[in-house]
Amino acid sequence: MTGSDALTVRPLILSDRPAWGDLWTAYLAFYETTRQQDIYDTYFERLLGDDPQDYNCLVAELDGKLVGLTHFLFHRHGWKVENVCYLQDLYADPAVRGRGIGRALVEGVYSAADAASAPSVYWLTQDFNTEARKLYDRIGTLSPFIKYDRG
């Protein structure tokens, strides 16, 4: 980051809706999927909600423009007393990649997990997501688990 860059990681606010929608659309496109408008509306509403089961959202703002997002939630774990944190979505605008946006967002989730006394943060990515995995290899530990889905 240069001295002229002003990167801020902060919680999502209502007025972020259009920019958040653009970023989430791009994130979904990367994974070759789309969602109907009602999913966008419900998800955004939940991201702003106060139900502890709902997802949380942090956004990255660079010089006044939203350039990244992360969605995460806290949940119980059968092997731990404290909650754990699942980082579901992480996205940085390709135009600003390599400038610390992803790292800042993950560190924001780490801080939120620490504040919630959730010592464990985990996430999934696809094996072909090589650029993101370079970051993940520096800030996390690769798990030996393999994910399965119901048919």
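Throughout these views, a residue counts as exposed when its relative accessible area is over 50% and as buried when that area is under 20%. The model shown is a predicted one.

**View 1. Ser117, out on a loop.**
Ser117 has a relative accessibility of 52%, so it counts as exposed. You'll find Ser117 in the loop between α3 and β5. Leaving out residues up to four places away in sequence, Ser117 touches Glu82 and Asn83. His77 is 40 residues from Ser117 in sequence, and the two C-alpha atoms are 13 Å apart in space. Check the backbone here too: Ser117 isn't a glycine, yet its phi is positive, at about 55 degrees. For context, most residues other than glycine have a negative phi.

**View 2. Glu32, another loop residue with a positive phi.**
Glu32 sits in the loop between α1 and α2. Its phi is positive, about 55 degrees, although Glu32 is not a glycine. Is Glu32 buried or exposed? With a relative accessible area of 76%, Glu32 is exposed.

**View 3. Helices α1 and α2 where they pack.**
A pair of packed helices is described by the angle between the axes and the distance between them. Here α1 (residues 17–30) and α2 (residues 37–48) pack at about 120 degrees, with their axes 11 Å apart. That angle is why α1 is called oblique to α2. The crossing of α1 and α2 is right-handed. On the α1 side, the contact is made by Arg17, Trp20, Gly21, Trp24, Thr25 and Leu28. On the α2 side, look for Gln37, Ile39, Tyr40, Asp41, Tyr43, Phe44 and Leu47.

**View 4. The five-stranded sheet.**
Five strands make up an open sheet, and their order is β1-β2-β3-β4-β5. The pairing is mixed. At the edges are β1 (7–11) and β5 (121–123), each of which pairs on one side only. From one strand to the next, the twist averages 30 degrees.

**View 5. Strand β2 and its two partners.**
β2 is mostly covered, with six of its seven residues buried. With β1, β2 pairs in the antiparallel sense over five bridges. To get your bearings on that pairing, find Val9, which stands opposite Ala60 in β2. With β3, β2 pairs over seven bridges, and the sense is antiparallel. Here the pair to look for is Glu61 and, opposite it in β3, Leu66. β2 and β3 form a hairpin with two residues between them. In that turn, Asp63 has a positive phi of about 50 degrees. As a reminder when tracing side chains, those in a regular strand alternate between the two faces of the sheet.

**View 6. Strands β3 and β4 side by side.**
How many bridges join β3 and β4? Eight bridges link β3 (residues 65–75) to β4 (residues 84–92), and the pairing is antiparallel. One landmark is His75, which stands opposite Val84 in β4.

**View 7. The largest nonpolar core, and another one.**
The largest nonpolar core holds 23 residues. Cys85, Ile101 and Val109 have the most contacts inside that core. At least two of the core residues come from each of β2 (56–62), β3, β4, α3 (101–115), β5 and α4 (130–139). Which element gives the most to this core? It's α3, with five residues. If you zoom in on Val109 and skip its neighbours within four places in sequence, its contacts are Leu58, Thr70, Phe72, Cys85, Leu87 and Val121. Another core lies apart from this one and has 15 residues, including Leu23, Leu47, Cys57 and Tyr91.

**View 8. Val106, tucked away in α3.**
Val106 lies in helix α3. Its relative accessibility is 0%, so Val106 counts as buried. Setting aside neighbours within four places in sequence, Val106 is in contact with Leu87, Leu90 and Ile139. Glu131 is 25 residues from Val106 along the chain, and 15 Å separates their C-alpha atoms.

Technical notes
Residues are numbered from 1 along each chain as its sequence is written. This is a predicted model: local features need pLDDT of at least 70, side-chain atom pairs count only at pLDDT 80 or more; totals for chains, interfaces and linings use all residues. Side-chain values use heavy atoms; hydrogens and water are left out. Two strands pair if DSSP finds at least two bridges between them. Helices (H or I, at least four residues) and strands (E, at least two) are DSSP runs, numbered from the N terminus. Axes are lines fitted to C-alpha atoms, for helices over the stretch in contact, and angles run from 0 to 180 degrees between N-to-C directions. A nonpolar core is a set of buried Ala, Val, Leu, Ile, Met, Phe, Trp, Tyr and Cys residues joined through side-chain atoms within 4.5 Å. Buried means under 20% relative accessible area, exposed over 50%, partly exposed in between (1.4 Å probe, protein chains only). Contact means heavy atoms within 4.5 Å. Angles under 35 degrees count as roughly parallel, over 145 as roughly antiparallel, 65 to 115 as roughly perpendicular and the rest as oblique. A crossing is left-handed if the near helix is turned anticlockwise from the far one by less than a right angle, and right-handed if clockwise.
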